[in-house]
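Biologist: I am new to this structure and would like to learn how to read it. Could you take me through its features one at a time?

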Amino acid sequence: MNWISENKFLSGFLGFMFVAVAGLGFFLYQEMGNYEQVHATYTKELKKLQDLERHDPYPNQPNLEKYAKQEDD
């Protein structure tokens, strides 16, 4: 413990780095949980999109115009 009193700058720097790394670790852990939630939502929405693309006819602008024309008739 004598080196701490002799090297105040180094001990302060190491203490600050320890707190900073611990804080970053906390934020990383928190964002990993958010990532899982966002990834699950993305996967669900991607499955919906792929299901729509497999439908016949594919819902794009020309086909929507045809549907609107059929409804008017």
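Modeller: Gladly! Let us start with a term that we will need throughout: a residue is called buried under 20% relative accessible area, exposed over 50%, and partly exposed in between. Phe-13, at 41% relative accessibility, therefore counts as partly exposed. Please keep in mind that this is a predicted model.

Biologist: Since the model is predicted, what is the mean pLDDT of the protein chain?

Modeller: pLDDT is the predictor's confidence in each residue, from 0 to 100. Here the mean for the protein chain is 88, and 97% of its residues reach 70 or more. Among the elements of the chain, α2 has the highest mean pLDDT, 93, while α1 has the lowest, 80.

Biologist: Take Phe-16 as an example. Is Phe-16 buried or exposed?

Modeller: Phe-16 lies in helix α2. Its relative accessible area is 55%, and the cut-off for exposed is over 50%, so Phe-16 is exposed.

Biologist: The patch includes Phe-9 and Phe-13. How are the rings of Phe-9 and Phe-13 arranged?

Modeller: A search of the whole structure finds 2 aromatic pairs. One of them joins Phe-9 and Phe-13: the ring centres are 6.1 Å apart and the planes are at 15°, so this pair is stacked. The cut-off behind that word is planes under 30 degrees apart.

Biologist: How far apart are Phe-9 and Phe-13 along helix α2?

Modeller: They are 4 residues apart in helix α2, so about one helical turn separates Phe-9 from Phe-13. As for accessibility, Phe-9 is exposed at 69%, whereas Phe-13 is partly exposed at 41%.

Biologist: Now for the charged residues. How many salt bridges does a search of the whole structure find?

Modeller: The general idea is that side chains of opposite charge can pair when their charged atoms come close. In this structure, the search finds 3 salt bridges. One of them joins Lys-48 to Glu-45, with the closest N and O atoms 3.5 Å apart. Lys-48 and Glu-45 are 3 residues apart in helix α2, so they too are separated by about one helical turn. Lys-48 is partly exposed, with a relative accessible area of 46%, and Glu-45 is partly exposed at 40%.

Biologist: Which residues are linked in a network of salt bridges?

Modeller: The network links Lys-47, Asp-51 and Arg-54. Asp-51 forms a salt bridge with Lys-47, where the closest N and O atoms are 3.5 Å apart. Asp-51 also forms a salt bridge with Arg-54, where the closest N and O atoms are 3.0 Å apart.

Key: Residues are numbered from 1 along each chain as its sequence is written. Side-chain values use heavy atoms; hydrogens and water are left out. Patches are made of residues with over 30% relative accessible area and no salt bridge: like charges are joined within 9 Å, nonpolar side chains (Val, Leu, Ile, Met, Phe, Trp, Tyr) within 5 Å. Accessible areas come from the Shrake-Rupley method with a 1.4 Å probe; for residues, only the protein chains shown count as cover. A salt bridge is a side-chain nitrogen of Lys or Arg within 4 Å of a carboxyl oxygen of Asp or Glu. Helices (H or I, at least four residues) and strands (E, at least two) are DSSP runs, numbered from the N terminus. Buried means under 20% relative accessible area, exposed over 50%, partly exposed in between (1.4 Å probe, protein chains only). Rings of Phe, Tyr and Trp (its six-membered ring) pair if their centres lie within 6.5 Å; planes under 30 degrees apart count as stacked, over 60 as edge-to-face and the rest as tilted.
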